[in-house]
Amino acid sequence: MILEMKGISKAFYGVKALQDVAFDLRKGEVHALVGENGAGKSTLMKILAGIHAPDEGEIVLGGKPVAIGSPHQSQKLGISIIHQELNLIPHMSVAENLFLGREQTIAGLFSNKKGMVSQTKHLLDQFGLKLNPNELIARLSIGERQIVEIAKALSMDAEILIMDEPTAVLEEREANQLFELIRRFKRQGVSIVYISHRLHELKGICDRITILRDGRHVTTTELDGLSEREIANLMVGRELKEMYPVHSGEIGEELLKVEGLTRSPHFEDVDFHVRRGEIVGFAGLIGAGRTELMRTLFGDWKAERGSVYWKGETVRIRNPEEAVKLGLGFATEDRKGTGLVMEMNLTRNMTLANPAKISRWNLIRSRHESRVVMEKIQEMNIKASSPAAPIKNLSGGNQQKVVIAKWLVSETELFIMDEPTRGIDVGARSEIYNLIVRFAAEGKAVIVVSSELPELLGLCDRIYVMHRGRLKGELSGEEANEQNIMAMATGL
Amino acid sequence: MQLSNIRTERFQRWIAGNKIFMTLIVLVFLASVTSEYFWTWNNIMNVFRQASVIGMIALGVHFVVLIGMLDLSVGSILVFSGAVILWGQNLFDLDIPGSFFLGAASGVVLGSLNGLIVTYGRVPSFITTLGTMFIYRYFMMWVADAGAVSGNRISHTFLGHGYWLGIPVVVFPLILAAVAAHVVLSRTLLGRYLYAVGQNSRAAFSSGANVRAVTIAAFAISGMAAGLGAVLETSRLNSISTANSGVYYELDAIAAVVLGGASLRGGKGTILGTVSGVLMFSILNNYMNLQNVSTYLQGVLKGLLIFLVLYRQNRLRED
């Protein structure tokens, strides 16, 4: 037993986040930590990482009771955490980020750039990743940044590694590389706490599992005896119904047609169409150009050439303002960066995309606004203390519902959703799927970009597969299965 | 009982959100206790009168700071607009309303120019307005040969020296402008978007906001406020010095806005805060004068006040 946490309790402003929680870790094991959002997983691990101090409880590390007062102290004790939110500095290189705060110097004065670059290269090679150590973080995809973050933690000689949803942003291929690496570290005696919402990936890599619910410890057991469904039920505390709702909307006329859309080097000659009532998926690996394609379609980026037809007429969308006016909505993959204004409250975020609806002659009609917002809060089951609650106090799932509500308020006809359920727990996930299906059933249309194949297969009428900026094909019905999609996505 | 609880809670939250206003009240109290001349009608009116020009400018600068930008050209716009107003008087025999119109219009033009350079030219606001700060002022100095421009309508000085209901006339435009600014920020779409752009312009853009228009509007409002400030400034002597008027006004205005609790990173700050910031500086100057403190030392103390208040605000925020 390398680590034991006993009777841990923690409250924030009177709200109990953890109550009498126990957790332990054996040497060289991978221990899964699961629970819905708000169950207390992250809080528990932040206590271990020295970010929060527990109100009550004891931490025993290697047989000795310890008090972990700061992240720095936690690192010294051999504990490293890889956060959901990446902590990299965008305008510094991969190597500089890896050695941030422990730069190697020559004679204590000059930065030993060469040494750091070569060590970084060595580390990245272990991942089988062809990243340039001199590349700026800002130029990397989110998936690549995550890899850098993991490499950074590993470079600190951690004995205990906490991974907070490491695969949430990774492609299947990258995730498999990560699993391989986890097994390798396990053999070397590193203990790993593995937090994930993707229950199916636990089986292959984890030894034991601890389930939390509402800040309390539910169970700790060997993973072998449990099925995915049993884990999900223990997490939620009730029987879960079918994840994906039945979608049998009537398919109507063509809403959007795209021909030869190009923006080198991100994507080239992309043709596709979306009809009313359809849910259309876009599959592909990270870097396939799906997000870039959607951003260009939405007017965020400029296309080099190609035509876009909206309800049969040629349109030029030069900026998001014009896209919104046509009836497009875009829930971006980066909720905190481009989806929400984190400093604003729930109400203001929800009405941001359609000011006309809540105003007359540019004056805001506050009562009307709060009525519109209250309706959506109830309709979508958004959990918040009040309509004026700061958006940053909401859980990830509820924040995502606000993003969706924002576009529902604005009378969107074609809704583009980029990774709509990233980092969102089982319960909220199925609610979001229900919303997507209901939206399509109303005669509108949805484009779903997702790295999770079960999600695309469960929701979509048709799936376009992209590979390196080109549309490789379109799958529907029987043809649409994981094997076919992966074959196209990897360019086979 | 319940209702009164809610009221107290609201009141407490209001106080927590308007700490600078509370600090202002404490300052007024201290000044009144330690100086027998301070809390007299005439002196308080003096405080307001002295605050009027910087106050007007600061209200405009507030809009630019709100979107996370700076406007250093307002002192120069004041000179430019001041000269335009006085020539307008001489040429067209304009009275006070005409002066306000000319001041606002010329200010909007110059401010919009700033906004256009920032948005379409993609030049950072600091650089843009540093450039136009020189251009606007030196252009007028070149035209007027670095001398003063004077007006011939003596009725114009009623604004700077007259009283209405025992209150200096010059205070009324400031009050009107402050109320208008507050309404724009809290009740209109423009206000909503100014905060959104200041807090996360990427998210505002992705939600379909016209970020460029919002930015240009902020600079236009800042320019307009400087133009209105020019009306007040010229009404004192019915003249403006192209070389010496409005020097450092932009910095006084920014200092007042920041002292009022606005963040230079944008997205945060209230009109009540900015007005409180302006009044605080004005009270400080007034009080020092009453106590016969050297004007130069007053500048030093002004700087110290900025440190003190902002240090306390940051401490409180962390708690």
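## A parallel strand pair in chain A

Strand 9 (residues 160–164) and strand 10 (residues 191–195) of chain A run parallel and are joined by five bridges. Within this pair, A:Ile160 sits opposite A:Ser191 of strand 10. The model described here is predicted.

Both strands belong to an open sheet of six strands in chain A. The strand order is 6-9-10-3-11-12, and the pairing is mixed. Strand 6 (79–82) and strand 12 (216–222) of chain A form the edges, each pairing on one side only. On average, neighbouring strands of the sheet are turned by 15° against each other, direction ignored.

## Helices across the six-stranded sheet

Which strands does helix 1 of chain A lie across? Helix 1 (residues 41–48) lies across strand 3 (30–34), strand 6, strand 9, strand 10 and strand 11 (208–213) of chain A. Its direction is at about 150° to strand 9 of chain A.

Helix 8 (residues 228–236) of chain A lies across strand 3, strand 11 and strand 12 of chain A. Helix 8 runs at about 30° to strand 11 of chain A.

## A four-stranded antiparallel sheet

Chain A also holds an open sheet of four strands in the order 14-13-16-17, with antiparallel pairing. Its edges are strand 14 (267–275) and strand 17 (313–315) of chain A, and each edge strand pairs on one side only. The twist from one strand to the next averages 20°.

Strand 16 (residues 305–310) of chain A meets strand 17 of chain A through three antiparallel bridges. Here A:Trp310 stands opposite A:Glu313 in strand 17. Helix 9 (residues 290–297) of chain A lies across strand 13 (254–263), strand 14 and strand 16 of chain A. The angle between helix 9 and strand 13 of chain A is about 115°.

## Annotated spans and a hairpin in chain A

An unreviewed UniProt entry carries the annotation "domain: ABC transporter" for residues 3–239 and 246–491 of chain A. The span 246–491 of chain A is 34% helix and 26% strand. Its end C-alpha atoms lie 31 Å apart.

Strand 23 (residues 462–467) and strand 24 (residues 470–476) of chain A run antiparallel and share six bridges. A:Ile463 stands opposite A:Leu475 in strand 24 of chain A. The two strands form a hairpin with two residues between them. In this hairpin A:Arg468 takes a positive phi near 45°.

## Where chain A touches chain B

In the contact between the chains, 24 residues of chain A meet 19 residues of chain B. Three elements of chain A give two or more residues to its side: helix 10 (320–326), helix 11 (335–339) and strand 20 (363–364). Helix 10 of chain A provides the largest share, four residues. By class, the chain A side has 13 nonpolar, six polar and five charged residues.

## Chain B as a whole

Chain B comprises 13 helices and four strands. Its radius of gyration is 20 Å, close to the 20 Å that the globule rule gives for 319 residues, so chain B is as compact as a globular protein of that length. Along its principal axes, the C-alpha trace of chain B spans about 65 × 55 × 35 Å.

Buried residues account for 47% of the 319 residues in chain B. Of the contacts in chain B between residues at least 6 apart in sequence, 79% join residues at least 24 apart.

## Annotated transmembrane spans

The unreviewed UniProt entry for chain B annotates "transmembrane region" at residues 20–41, 98–118, 125–143, 163–190, 211–232 and 294–311. How do two of these spans look in the model? Residues 163–190 of chain B are 68% helix and 14% strand, with end C-alpha atoms 35 Å apart. Residues 211–232 of chain B are 100% helix and 0% strand, with end C-alpha atoms 32 Å apart.

## A buried loop residue in chain B

B:Leu70 lies in the loop between helix 3 (41–66) and helix 4 (74–92) of chain B. Is B:Leu70 buried or exposed? B:Leu70 counts as buried because 20 other C-beta atoms lie within 10 Å, and the cut-off for a buried residue is 20 or more.

Beyond its neighbours within four places in sequence, B:Leu70 is in contact with B:Val64, B:Ser125, B:Phe126, B:Thr129 and B:Ile254. B:Leu70 and B:Thr128 are 58 residues apart in sequence, while their C-alpha atoms are 9.3 Å apart in space.

Terms used: Residues numbered from 1 in each chain as written. Chains lettered and ligands numbered in written order. Predicted model: local features only at pLDDT ≥ 70, side-chain atom pairs only at ≥ 80, totals over all residues. Rg over C-alpha atoms; globule rule 2.2 N^0.38 Å. Buried ≥ 20, exposed ≤ 12 C-beta atoms within 10 Å, placed from the backbone. Contact = placed C-beta atoms within 7 Å. Pairing = 2+ DSSP bridges. Axes fitted to C-alpha atoms, helices over the stretch in contact; angles between N-to-C directions. UniProt positions renumbered as here; feature names shortened; annotations may be inferred. Nonpolar A, V, L, I, M, F, W, Y, C, P; charged D, E, K, R; others polar.
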